[in-house]
Amino acid sequence: MCGIVGYTGPRDVGEVILNGLKRLEYRGYDSAGIAVKTDEGIYVQKRKGRIDDLSEEEIPEHDAGIGHTRWATHGKPSDKNAHPFLDCDEEISIVHNGIIDNFNTIKDRLIERGHEFRSETDSEVIVHLIEEEYEGDLLKAFKNVVKKIEGSYAIVVFQKDSNELLVARNQSPLVIGIGSGENFVASDVPALLYYTKEVKYLRDGDTALISRDEVKIWDENDEAITRETKTIDWDVEDAEKSGYEHYMLKEIFEQPKAIHESILGRLTSFEDVDFSKYDFDEVQFIACGTSSHAGYVGRYIFEKLAEIPSTVEVSSEYRYTSPSDSTPFTILFSQSGETLDTIAAAREAKRRGCNTLAVTNVMESSITREVDEVIYTQAGPEIGVAATKTFTTQIIILYLLAIELGLRKGVLSKDKAEEYKDELRKLPRKVERILDDKNEIKEMTESLVKAEDIFFVGRNINYPVALEGALKLKEIAYIHSAGYPAGELKHGPFALLTSETPVIAIAVKDHTFEKMLGNIGEIAARDSPVIIVGDEDKELKKLADLSYFIPNTPPIFSPVLVNVVLQLIAYYTAYRLDRDIDKPRNLAKSVTVE
Ligand code: F6R
């Protein structure tokens, strides 16, 4: 939702912080700022706009500072609402990621006590509260403040006379980077990779003091504790564009590797979960956005491979449904592991007595502490705001889980399971073949850029892929698009079909293929340009204005391949329209508000 970075050490603080913030821009990018300790006091530069709009030359060289990239929640994007904030005497500075729920009451009280607010944000109350509590011991004041604020926060604070950073976390990520004679803190690992791979993840309720030579941490009960130092196995290049014009394109092209890494070691024995502890008679998938589409695909996979009935809930709705007597095994998808809606849903599922499993791409992310079991997708860092390789690997995990459960339930024979595993092994190569055809797919998008509305249709397991194709296109190309089950268009949306309304139809040779042919015929008869993505077929060719046929694969695995084609369609359409592909307007990669 916002990205924060802090540094104390001998390097040029401006360079370290701006470099780190650029790697966090996916978390928010409507305003940015930096505060640096100088001999004369605290220097602040902040403004509406991107990190590149900050002037690096103007930042004084010194040995401690903090920075922030913002995704607005309270107070619209503007220079004054950008972080960092200063107290009235300009001696203390803070950056904050999250939402302070009780900021209104605190703010009223502080105004009564004479504090002057310079922004419309909730975050600014933190620095005035620290000022209010401060009686010569900043750490004590900070810990008192943390007790008074409610909501989600990752906070970094420093004071003009010290190069120590104070930090606190609750429901917003914060990771400390350990250096030699220097230390770092950031919302996420990519901001640190240039400087260190040794990190400590803070837990909810932790506060810490970070100086050049040491890191002291206290838990929620104010007990001094140590948090394990972990070594990150991502390289700097994993978090860089490596010659691709956009992160999104790089991440689309990384999918063969991501699939390979996600199945690696899991085909011989899938030991991520202690299956014997749980009852899998009924499953529910819960997630938001693209991750929820993985859940919808999962429904079909679980039914076919493991004969397990399942339902799908969008996280933000689940909490408000009425609990029933059933306690389905609950699988939550969140690539970031920080989506507050999904974290809240995990808590609610637990409260209702369900066992829970999170599938996430981010080690030690918040959701991992809310659930009984965790499976990590091995997609590597995903920086582009639009989820691509993490969605693909979520689906890969679903195949692995369903095969394992099918075997355990005795509904899948060993031979059949081996057949499916072989198909999984072949997927990276098939995805590569699609990626080799990128120019052909790019050509297909020429007709899409003029459209104001685009429909995506599919049936059965490819219906959620249609939803995902539509989401990707509207998200990065800003073209209104909607995904439908192919049989549904005639129940209303047909009224919108004209020669100006392209329809992208997913047609694979499963048990719904004949019906799909009929649906596509109906669409073509309304003069809509038809673009077909699916299995090669003579009849389909006759109906299509444009077509792309995927490598031969059993229908149950087709979502992975079809989706890669739809990702490329979205990417190249957005590219032709000169959109800000990695940072689409109004969006952020990690949505830590409800
Ligand atoms: C779309 C997209 C979002 C996310 C959603 C959930 O490309 O990325 O729809 O899928 O915000 O995010 P996670 O998976 O991090 O919980």
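The chat below concerns the pockets of a predicted model.

Me: How much space lies in the largest pocket?
Reply: About 750 Å³. A pocket is an open set of points on a 1 Å grid over the protein atoms alone, where a 1.4 Å probe fits, with protein on both sides within 12 Å along at least five of seven lines. The volume is the space filled by probe spheres set on the points, which are joined across faces, edges and corners.

Me: Which residues lie nearest its centre?
Reply: Trp234, Asn361, Val362, Gly380 and Pro381, out of 40 lining residues; a lining residue has an atom within 4 Å of a point.

Me: Which helix gives the most to that lining?
Reply: Helix H6 (residues 255-263), with three residues. Helices are DSSP runs (H or I, at least four residues), numbered from the N terminus.

Me: Now the second largest pocket: what is its volume?
Reply: The second largest pocket has about 470 Å³. Its lining has 23 residues, and Cys288, Gly289, Thr290, Lys589 and Val591 are the closest to its centre.

Me: Where does the largest share of that lining come from?
Reply: From H7, which supplies three residues; helix H7 spans 289-306.

Terms used:
Residues are numbered from 1 along each chain as its sequence is written. This is a predicted model: local features need pLDDT of at least 70, side-chain atom pairs count only at pLDDT 80 or more; totals for chains, interfaces and linings use all residues. Side-chain values use heavy atoms; hydrogens and water are left out. Helices (H or I, at least four residues) and strands (E, at least two) are DSSP runs, numbered from the N terminus.
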